[in-house]
Amino acid sequence: MQELSNQILDDIRNKFEQIEECPVQGKRVFFENAGGALTLKSVVKCSMNYAAIPDNQGRDNAGSHELVKTIHKAKEDMRIFMNASSGQFFVGESGTELLFRIIMNACLGTDNDGIVLGSTVEHPATRSACSRWSKISGKNHVLIPHNDEKGLVCSKQYSKYITKDTKVATILHTSPVTGMGMDIKKIAKEIKDVSPNCFIIVDGIQHAAHGQIDIDSYDIDAYVISPYKMFSRHGYGLAWISNKLTNLPHDMLIDGPQETWELGTRDTGAYATLSEVVSYFEWLGEFFTNSNNRRDKFLAAGKAIHKHEKSLTDTMIFGNGNIPGLSQIDKVNIIGGLDNPAREGLVSIYVDDMPSAEIVKKLNNEGIRTHLRKADHYSGNILNPLKQDSCVRVSLCHYNSIEEVNQFLIAIKEICN
């Protein structure tokens, strides 16, 4: 049974554009949320409004003053939403660009020796940046092997590789291929216990749409998201960095403010859409708490999202009544195992003797949007150890329903027969 009532789910779905229909394909189920979540209607309206404004920030006129207020409000909204009592937020080209820039500065801002530590489960955004800048800064890049069976890496695995010479460390919050979440708090503690001055940088891009971000509890130095995967739009990324990381040497204009990490005039509309996303989470949380505290509402929303998405993935894996789940369909293999508590709204599968590309195409013909992941530079780190050239990624979000999961299960069983 889905965790959100039918009425609440209807209200949620009414907040999003193209929830049931693609303007090109027509009616479809959207199970490609890891590739980019659906966009809030309020974000689309907000983007249109800000796209028409000719003013820039930093001018002495009423329009410019209002833009500055919008930016300050968005940063404060994100501070409360992500529970970051210190440090700063800023936007960049994309989540990937921000990860590269932050990792570059962390590597160059530490001594020219030591270790840059990451894991094989990570997205190439962090692995590639660490590979490049570790060499340039005279450090060794060490990758911790992840658990292929569970599709994740844990604090105990990190603890075997951490030394006092670990200068920079990266952590993936949630894998966009396996769907498994990492325990950021435990991993960061293992790192800081051995190397307290290590810069810890977290890729939160896949995790963000599922809520429950708590920066103050992590003891980290950077957290990066891609807002288009959190109900906003393409064209920018968002980063939080600690005061310690803020003060590292970084690209900036000569004689400009020392703490500024943004390069050039950013889109105020991008900031404004973040406030729309935060407002949505606050609205959702009000269904599940009587508290007037905003942070309490965000926590309540995150818990509700997690419970609902778990009910969806459990149904997908174990079935619903007389509709068999993926675990009951011959030749279907589920990456990360059947009952994995780290799973966050995503199930990746491969089918014996059937190309994943063919499955994705057949599902699409049935009006069910999924995605093919190949053993390439994006997903080879997950698929190659499993000796698979590809998989089908089925990624859900809290606005998806049990009925949509049922539709998927009926279609995939027919395809596999």
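**Ser242 up close**

A polar atom of the Ser242 side chain lies 3.2 Å from the backbone nitrogen of Leu245. The model is predicted, and that distance is computed from it.

Where does Ser242 sit? Ser242 is in the loop between strand E10 and helix H8. Strand E10 covers 237-241, and helix H8 covers 243-246.

Buried or exposed? Ser242 has 8% relative accessibility, so Ser242 counts as buried. The cut-off for buried is under 20%.

Which residues does Ser242 touch, leaving aside those up to four places away in sequence? They are Gly87, Ile220 and Asp221.

Now the chain around this residue. The chain holds 13 helices and 15 strands. Of its 417 residues, 55% are buried. Ser242 counts among the buried ones because its relative accessibility is 8%.

Contacts come next. Take the contacts in the chain with a separation of 6 or more: residues 24 or more positions apart account for 69% of them.

Then overall dimensions. A compact globule of 417 residues would have a radius of gyration near 22 Å; the chain has 22 Å, so the two agree. The C-alpha trace spans about 65 × 50 × 40 Å along its principal axes.

Technical notes: Residues numbered from 1 in each chain as written. Predicted model: local features only at pLDDT ≥ 70, side-chain atom pairs only at ≥ 80, totals over all residues. Heavy atoms only, no water. Helix = DSSP H or I, 4+ residues; strand = E, 2+ residues; numbered from the N terminus. Rg over C-alpha atoms; globule rule 2.2 N^0.38 Å. Buried < 20%, exposed > 50% of the residue type's maximum accessible area, 1.4 Å probe, protein only. Contact = heavy atoms within 4.5 Å. Polar contact = N/O pair within 3.5 Å; in protein donor to acceptor, adjacent residues only side chain to side chain.
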